[in-house]
Amino acid sequence: MAQPQPQTLAYVDGFSKCMELLVTFMENQLLKSFDVEDALPQGIYGAAGSLKSAVEQLQREIQHAAGTKFGPQKPCKPFTGPRLDTVEITIQEQFVNMEIDEQPLDAVSSNPLQDGSVDVEDSEKLASEAELSMIATRPTRISAFGRNPVSIDDLQGLPTKMPFCIINPGNTKKLTWDFFVMFCVLSDAVVLPFQLAFKNQSGPDIFDNFWFLLTTSVFSIDIVLSFNTALDQGDNMTGAADLIKDRPGIARRYVRGWFLIDFVSTIPWGSLEAILGGGGGSQATKLLKVVKFLRIMRLMRMLRLAKLKTIWENIETYLGSVVLVQSVMLVRILFVVIAICHWNACIFWVVGSPQSFVTDLLAEETQKEFFDQPHWTTIIRQGPLNEPTWRYFDRSTTENYIFCFYWTLGVMRTMPAEVTPVNLVERVFVLTFMFFALSAFAISVGSLTQAYFKISERGRNYNDEMFAVRMHLKKLKVSDTAQRRIKNYLCHLFERRRIMAKEMNLLDKLPDSLKQEVNRAKIFQHLQRLPIISDLGKSAIEEICNHSTLFDRLPGEAVCIANQVADAAWVICAGRVQVEDDSGAVVPLERPMDIINMDCLSTADDTYCSFTVLAVTCVETLKVDKQVFIKYAMQDKVRSRQTEAKVREAAPLQVVNMSPESGDPDVCATNAAIMSSS
């Protein structure tokens, strides 16, 4: 037989590739047009199979005749519609709709559709071990385990898409900036009163200039960011917060809200004072006095400290410890007392000074009259042991501030003898402050005492009740072993916050739907430690959480027994266990065991416990039922494959590019053969 020409072989080889694409297209279209339960016509299916076999035989003969391949062979682009294996979805639905109490299905390792042996009546056998293994090996959706637990809502949650240059208020960088702005506001509330009181007559120093530039810059940038930050417009019906993301809406809300306070408190009054100070005339002088007084308008920004309530709630949630929260409460109360002393020290110096930023607003006659009055800062005082006389007004700024701070703290308890008011203004101020100081000091002491006792309140109440339990057990003459087991179990419940926990009183008032949601979140914190669950969707995980249960095991009780059928996986939530083999010998472990019988969740076949696991201490375990897990895992897989099938059906048909510009060597060889033959 004559050897075929290379051009002819290239032409026929390209034609066979086109036929292969046609066969793939026919398979998909036939399987898409006929329902599997209506039984695919064997004649049509057989014709497609015969055509495919003929094409494959033709390709083998061509390659054998040519003795080599014409360039690197690239596979034909597959059809993007539903493939042959997608018809398993209809059959698998019969498995996932079974009742939970039915027996697990037998595993099938092959696809019956590929060998033409489809039997609809036996379709339940398609729950194969291979399908379950695919669930365990698909890419994970949960990105954090263990140290950084996630919530169920985070599984499929996507970050909120924001318009261009619009900042999400929940962004970590934005929250960090808010903390920094609040720190500047608090610091300015300390620095500004000191500057107004003790540095009114002296010029600004290096620190004053630096602080002025820093706060003005920070507050100006914060105004710009506020015009570009999405705002919370309240909760919707689903409980999620809605955000205003359009700039006109953000601007309207901000201008009607915090803008006036932010703008007035950001105006550089110190610079205006310097500019107006260069002019002459009585009007400029009066305006200069007003501008000096308006420097105190920067304190209006302290109104923004109302946001500290939300920030404080976030801090409490982040700490997650009653001891730490109450310790921070102690520090916060102490800071409040210090802030009261600081502010009153500044005010007390202003009241006792013959000249201050307040007297600058008075008329000249009133200023002169007030200046001529005696003041506690200008009274001449005799030093001990015949030392020279002195006045507080002549002392250094640091010494005067420390004395005023000391005097304020003394007035909050008693009346210091070092300084007494000497004019009417000073007497009225001291009398008013004494009433305030009495209340503030009493409240502060009460808050400090309450915060201190709250640190150990729960433990102290538990010890009191345990004393009553011990006395009761002793009265009943309960054995020492039973008493010890009772004490250990009650201590276990106390540590797991299942008794004597304040949150239980409020959580019991929730409706059943919210209680179930809280319970799912609690279960999921332990369930996510199973690696096999990492690929399941949110709905499947919620159902598994609903059917999982927490159990307690006393010391010596078995969690599982060797060689028994494993009908569930166990997650150790708290406590210690030990592992024993068939002979009862303790098996040493490199690390504490936290998951038991996890392999049973990966197969529908019966699996057996390899060891006996006993509780060493009181143990809290989470039971994940095998049949429940398999059922909802298969349902999740079916939903995923149905979604993928719909996406493929909606995608346009991909046609092989037969143009020479495609760069495919096979296509170029085929086109060359066609051109030469023509």
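Reader: Where is the place of Lys-477?

Author: Lys-477 sits in the loop between α16 (457-475) and α17 (480-495). Helices are DSSP runs of H or I with at least four residues, strands are runs of E with at least two, and both are numbered from the N terminus. This is a predicted model, in which local features need pLDDT of at least 70, side-chain atom pairs count only at pLDDT 80 or more, and totals for chains, interfaces and linings use all residues. Residues are numbered from 1 along each chain as its sequence is written, and side-chain values use heavy atoms, with hydrogens and water left out.

Reader: Why is Lys-477 called exposed?

Author: Its relative accessible area is 75%. Exposed means over 50%, buried under 20%, and partly exposed in between, with a 1.4 Å probe and protein chains only. So Lys-477 counts as exposed. Its backbone also stands out: phi is near 60°, a positive value in a residue other than glycine.

Reader: Is Met-500 buried, exposed or partly exposed, and how do you know?

Author: Met-500 has 27% relative accessibility, so it counts as partly exposed. Its phi is positive too, at about 55°, although Met-500 is not a glycine. Met-500 lies in the loop between α17 and α18 (502-507).

Reader: What makes Val-331, Phe-335 and Ile-338 a patch?

Author: Nonpolar side chains (Val, Leu, Ile, Met, Phe, Trp, Tyr) are joined within 5 Å, like charges within 9 Å. Val-331, Phe-335 and Ile-338 form a nonpolar patch on the surface, with about 290 Å² of accessible area together. Accessible areas come from the Shrake-Rupley method with a 1.4 Å probe; for residues, only the protein chains shown count as cover. Phe-335 is found in helix α12 (residues 322-352). At 55% relative accessibility, Phe-335 counts as exposed.

Reader: How do you know that β6 and β9 pair?

Author: Two strands pair if DSSP finds at least two bridges between them. Strand β6 (residues 577-580) and strand β9 (residues 612-615) have four, in the antiparallel sense. So they pair. Val-577 stands opposite Ala-615 in β9.

Reader: And how many bridges join β4 and β9?

Author: Two, in the antiparallel sense. Cys-560 stands opposite Val-613 in β9.

Reader: Why are β4 and β7 said to stand at the edges?

Author: The sheet is open, with four antiparallel strands in the order β4-β9-β6-β7. β4 (558-560) and β7 (586-587) each have a single partner strand, so one side of each is left without a neighbour in the sheet.

Reader: Which way do the residues of β9 point?

Author: Thr-612 and Leu-614 point one way, Val-613 and Ala-615 the other way. All are buried. In a regular strand the side chains alternate between the two faces of the sheet.

Reader: What makes Thr-607 buried?

Author: Thr-607 is at 18% relative accessibility, so it counts as buried. Thr-607 lies in the loop between β8 (595-596) and β9. Leaving out residues up to four places away in sequence, Thr-607 touches Gln-564, Val-565, Ala-566, Cys-600 and Lys-626. Contact here means heavy atoms within 4.5 Å.

Reader: What makes a nonpolar core, and how many residues has the largest?

Author: A nonpolar core is a set of buried Ala, Val, Leu, Ile, Met, Phe, Trp, Tyr and Cys residues joined through side-chain atoms within 4.5 Å. The largest has 36 residues. Leu-601 and Phe-629 are among those with the most contacts inside it. Strand β5 (residues 568-574) gives the most to this core, with six residues. A second, separate core of 28 residues includes Trp-376 and Cys-404.

Reader: Why is β10 called mostly covered?

Author: Five of the seven residues of strand β10 (residues 619-625) are buried.

Reader: Which strands are joined to β10, and by how many bridges?

Author: Five bridges join strand β3 (residues 549-553) to β10. Six join β5 to β10. Both pairings are antiparallel. Leu-550 stands opposite Leu-622, and Ala-568 stands opposite Asp-625.

Methods. Patches are made of residues with over 30% relative accessible area and no salt bridge: like charges are joined within 9 Å, nonpolar side chains (Val, Leu, Ile, Met, Phe, Trp, Tyr) within 5 Å. A salt bridge is a side-chain nitrogen of Lys or Arg within 4 Å of a carboxyl oxygen of Asp or Glu.
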